[in-house]
Amino acid sequence: MFEIIIVSHGGFASGLRSSMEMIAGEQRLLYDLSLSSDETASTLQHKINTLVSSLKKDDGLLVLTDILGGTPTLVAMKVLTELNQLSPFDFECISGVNLPILIDIVIKRESTNLEDCVYSVIQNAEQSIVNVKKMLFSINELND
């Protein structure tokens with residue numbers, strides 16, 4: 001089973017993990033890191049480097065970040081690229097993580113490899129963002 005790290009601005013990563021575990025149960029091989037407002041990119045880089053270096057990564061590593069182009073994403077990719085050059089390992093990084101995506105990942109990682117899980121989750125992600133009002137009015141119109 002591959003390992004997962006959630007990296008975000010503020011407390012989003014720990015809150016996302018907490019919410020997911022409320023629904024899907026406690027997870028092993030899942031970590032969260034945050035960039036607080038009083039920290040620098042180099043502080044986050046050190047935290048990511050320390051954590052990633054301590055992991056086995058036998059089945060790969062999936063890093064989930066909050067915002068494409070944000071400091072957590074840029075720093076995570078820098079660290080992963082540098083560590084991968086020193087000692088190659090399988091990794092993926094998905095930006096724009098949300099609760100449905102995280103739940104989907106933790107369920108799928110039990111029975112699928114990293115690459116297939118990432119492909120499937122990204123394909124399903126479109127369905128996790130819905131205009132509920134429009135959807136409900138469409139259903140009501142069909143029932144009239």
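## A walk through the sheet and its helices

Let us start with helix H4 (residues 99-108), which is mostly covered: seven of its ten residues are buried, where buried means under 20% relative accessible area, exposed over 50% and partly exposed in between, with a 1.4 Å probe and protein chains only. The buried residues of H4 are Ile101, Leu102, Ile103, Asp104, Ile105, Val106 and Lys108. They pack against E1, H1, strand E3 (61-65), E4 and helix H5 (114-125); contact here means heavy atoms within 4.5 Å. Helices (H or I, at least four residues) and strands (E, at least two) are DSSP runs, numbered from the N terminus.

A word on the model before going on. This is a predicted model, in which local features need pLDDT of at least 70 and side-chain atom pairs count only at pLDDT 80 or more, while totals for chains, interfaces and linings use all residues. Residues are numbered from 1 along each chain as its sequence is written, and side-chain values use heavy atoms, with hydrogens and water left out.

Now step back to the whole chain. It holds six helices and four strands, and from the N terminus on the elements run β-α-β-α-β-α-β-α-α-α. The C-alpha atoms fill a box of roughly 65 × 35 × 25 Å, taken along the principal axes. Of the 144 residues, 38% count as buried. Among contacts with a separation of 6 or more, 73% come from residues 24 or more positions apart.

E1 and E2 pair in the parallel sense over six bridges, and Ile5 stands opposite Tyr31 in E2. With E3, E1 pairs in the parallel sense over five bridges; there, Thr65 of E3 is the bridge partner of Val7. E1 is mostly covered, with six of its seven residues buried.

Is Asp66 buried or exposed? Asp66 is buried, because its relative accessible area is 14%. Not counting residues up to four places away in sequence, Asp66 touches Val7, Ser8, His9, Phe12, Pro72, Ser95, Gly96 and Val97. The C-alpha atoms of Asp66 and His9 are separated by 7.3 Å, although the two residues are 57 residues apart along the chain.

That leaves the helix pairs. Two packed helices are described by the angle between their axes and the distance between the axes. Helix H1 (residues 12-24) packs on H4 at an angle of about 55 degrees, and their axes are 10 Å apart. H1 and H4 are therefore oblique to each other, given that angles under 35 degrees count as roughly parallel, over 145 as roughly antiparallel, 65 to 115 as roughly perpendicular and the rest as oblique. The crossing of H1 and H4 is right-handed: a crossing has this hand if the near helix is turned clockwise from the far one by less than a right angle, and is left-handed if anticlockwise. From H1, the contact is made by Leu16, Arg17, Ser19, Met20, Ile23 and Ala24, and from H4 by Leu99, Leu102, Ile103 and Val106. These residues divide into eight nonpolar, one polar and one charged, where Ala, Val, Leu, Ile, Met, Phe, Trp, Tyr, Cys and Pro count as nonpolar, Asp, Glu, Lys and Arg as charged, and the others, Gly among them, as polar.

The axes of helix H2 (residues 41-54) and H3 come within 9 Å and cross at roughly 45 degrees. H2 and H3 are therefore oblique to each other, and their crossing is right-handed. Residues of H2 including Leu44, Ile48 and Val52 meet residues of H3 including Val75, Val79 and Leu83. By class, this contact of H2 with H3 has ten nonpolar, four polar and two charged residues.

Notes: Axes are lines fitted to C-alpha atoms, for helices over the stretch in contact, and angles run from 0 to 180 degrees between N-to-C directions. Two strands pair if DSSP finds at least two bridges between them.
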